[in-house]
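Open your viewer and get the selection tool ready.

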Amino acid sequence: MKKTLLLPLFGVCTLLSSSLSIAAEELTPIPKASSEWRFEVTPYLWAPGIKATLNLGNGLAKSADYSSSNVLDNLKSGGMISAEAHKGQWGMMGDVVSATLQNSGAIPVQGGTATLGDKITLQQTVLTGAVTYTIANAKDAYMDGLLGARAIYATATLNVTGVGTAAKTTSTVDPVVGMKGRYRIADSTWYVPFYGDIGSGGGTTNLTWQAMLGVGKTFSNLIDASLTYRALYYDMKDGGVLQKTTMQGPQVAVTFKF
């Protein structure tokens, strides 16, 4: 009787073990291009250090220098999210970074330097959108080429004690070209995400580029998480608010797939 009961139990355990093994093998961080739509939504937190010269006109300029360690203290409001949609080898992506930062410090002005305690406020929204095409989709690697545009809307406000308030707004749209993707680490659920683009040609922009590299993990067919280092550069022509601006720092993201 015991043998009669143990044999079916052994068979069930073997079948369950086999099913779990197959499921583990199927869990991969590499997406598959197919005729079905697939979507990703990624809310994230990016805490970049920011180094820039903010041009406000009328002889007023401010060297803004926010470190990654204090950027959250200076953040007054903001939102960061990206999304993708794919069908077959074609797709589209969008990324939005919106933030208002405020800090105090010594402010260089024409003919001298303002006192400490004066405030500089930088409000900016950066929107990147692109059409993508899958150029590599192997077992351990996935890569999309992308062609799109990046738009930025930036307002700098300078309040100088004894001088007054100056404000300037710049908006520009620039074409960008680049690539993005991920590489699987040693047949595991860990992967290396990467992104890069470069562009120019907008009304006020000499050059803009963006790059990202890090490490991520796929927890299920529905959820990924990643820790990356991201950098965004802007060099605007004379008259633009952001003169040779670099934003770079760590980014934590969670991706929901459906």
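On a 1 Å grid over the protein atoms alone, a cavity is a set of points where a 1.4 Å probe fits but cannot get out, a pocket is an open set with protein on both sides within 12 Å along at least five of seven lines, and lining residues have an atom within 4 Å of a point. Grid points are joined across faces, edges and corners, and a volume is the space filled by probe spheres set on the points. You are looking at a predicted model, in which local features need pLDDT of at least 70 and side-chain atom pairs count only at pLDDT 80 or more, while totals for chains, interfaces and linings use all residues. Residues are numbered from 1 along each chain as its sequence is written, and side-chain values use heavy atoms, with hydrogens and water left out.

**Stop 1: the largest cavity**

Two cavities of 30 Å³ or more are counted, and the largest has a volume of about 600 Å³. Select Ser82, Glu84, Lys180, Tyr195 and Met212: of the 30 lining residues, these are the closest to its centre. Strands (DSSP runs of E, at least two residues, numbered from the N terminus) that give two or more residues to this lining include β1 (38-46), β12 (205-218) and β13 (223-236). By class, the lining has twelve nonpolar residues (Ala, Val, Leu, Ile, Met, Phe, Trp, Tyr, Cys and Pro), seven charged (Asp, Glu, Lys and Arg) and eleven polar (the others, Gly among them).

**Stop 2: the largest pocket**

Now select Ile30, Pro31, Lys32, Asn221 and Lys257, which lie nearest the centre of the largest pocket among its 13 lining residues. The volume of this pocket is about 300 Å³. Its lining divides into six charged, five nonpolar and two polar residues, and β1 gives the largest share, three residues.

**Stop 3: β12 and β13**

Show these two strands together: they form a hairpin with four residues between them. They pair (at least two DSSP bridges) in the antiparallel sense over 13 bridges. Pick Thr208 and you will find its bridge partner, Tyr234, in β13.

**Stop 4: colour by confidence**

The mean pLDDT (the predictor's confidence in each residue, from 0 to 100) is 79, and 69% of residues reach 70 or more. Where pLDDT is low, the predicted coordinates should not be read in detail.
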